[in-house]
Amino acid sequence: MISIDPAVNSERDNYKLLIGSIIPRPIALVTTLSASGVLNAAPFSYFNIVAANPPMVSISVQRKQGVPKDTARNAAATGSFVVHIADESYIEKLNQTAAGLAPDVSEVEFAGLTAVPSEQVSVPGLAEARIRMECVLEHALPIGGAEGSPAADLLIGRVVRFHFDESLYDGGHIDPQALQPVSRLAGSNYSRLGDIFAMARPD
């Protein structure tokens with residue numbers, strides 16, 4: 001085994017080890033509203049489930065040179081955001097939302113995505129996504145970095161409304177084959193679902 005002390009690595013080197021090791025990672029396409037009403041969208045693979053009671057999800061938004069990104073800033077200001085699950089049907093448009101646009105330019109319009117009203121939050125969702133979750137911001141935690149200069153903002157969102165395409169939903173379960181989720185690897189690489197196998201849990 002190769003043993004590496006992250007304290008002697010650069011941030012970039014640790015980043016490469018993390019994103020190359022923790023794979024595949026689910027991708028959340030997150031929409032937020034700016035103070036001026038611009039609908040922003042950005043994809044995040046530092047994303048997962050936090051709890052089921054109540055349902056909560058987490059998104060870690062990395063800062064750029066210590067400055068919070070639009071998603072973190074908008075979510076903190078409005079107290080809400082919408083999470084969309086990446087799938088093959090719209091992955092090309094999702095990828096376009098990663099462009100480095102100015103805060104007053106909508107990635108939704110740039111990528112040719114379609115905004116739809118939400119039911120419980122002010123932030124619109126996206127029609128192309130076959131799963132979306134309206135979220136209320138429970139916590140926004142500055143984390144990492146040096147004292148006084150965090151490296152990221154950890155957003156914890158409480159899901160207040162689920163939306164599922166009828167083709168995916170079957171008696172309270174989601175059909176993974178029908179969803180065709182896309183996950184993130186390292187570099188420019190992504191992954192499809194692949195083979196599914198089952199294992200019984202031990203008693």
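N74 touches T32, L33, S34, N40 and G79, leaving aside residues up to four places away in sequence; contact means heavy atoms within 4.5 Å. The model is predicted, so local features need pLDDT of at least 70 and side-chain atom pairs count only at pLDDT 80 or more, while totals for chains, interfaces and linings use all residues. Residues are numbered from 1 along each chain as its sequence is written, and side-chain values use heavy atoms, with hydrogens and water left out.

N74 sits in helix α2 (residues 70-78). Helices (H or I, at least four residues) and strands (E, at least two) are DSSP runs, numbered from the N terminus. With a relative accessible area of 5%, N74 is buried (under 20%; exposed is over 50% and partly exposed in between, with a 1.4 Å probe and protein chains only). The side chain of N74 makes a polar contact with the side chain of T32, at 3.1 Å. A polar contact is a pair of N or O atoms within 3.5 Å; within protein, one must be able to donate a hydrogen and the other to accept it, and residues adjacent in sequence count only if both atoms are side-chain atoms. N40 is 34 residues from N74 in sequence, and their C-alpha atoms are 8.7 Å apart.

Strands β4 (residues 47-52) and β5 (residues 55-62) run antiparallel and are joined by five bridges; two strands pair if DSSP finds at least two bridges between them. A hairpin of two residues links β4 to β5. I49 has V57 in β5 as its bridge partner.

The pockets come next. On a 1 Å grid over the protein atoms alone, a pocket is an open set of points with protein on both sides within 12 Å along at least five of seven lines, and lining residues have an atom within 4 Å of a point. Grid points are joined across faces, edges and corners, and a volume is the space filled by probe spheres set on the points.

| Largest | about 1,300 Å³ | α1, six residues |

Among the 27 residues that line the second largest pocket, P26, I49, I85, M133 and L179 are closest to its centre. The largest pocket is lined by 42 residues, with P43, F44, S60, Q62 and K69 nearest its centre. Its lining divides into 22 nonpolar, eleven polar and nine charged residues. Ala, Val, Leu, Ile, Met, Phe, Trp, Tyr, Cys and Pro count as nonpolar, Asp, Glu, Lys and Arg as charged, and the others, Gly among them, as polar.

Terms used. 1 Å grid on protein atoms, 1.4 Å probe; cavity = no way out; pocket = protein on both sides within 12 Å on 5 of 7 lines; lining within 4 Å.
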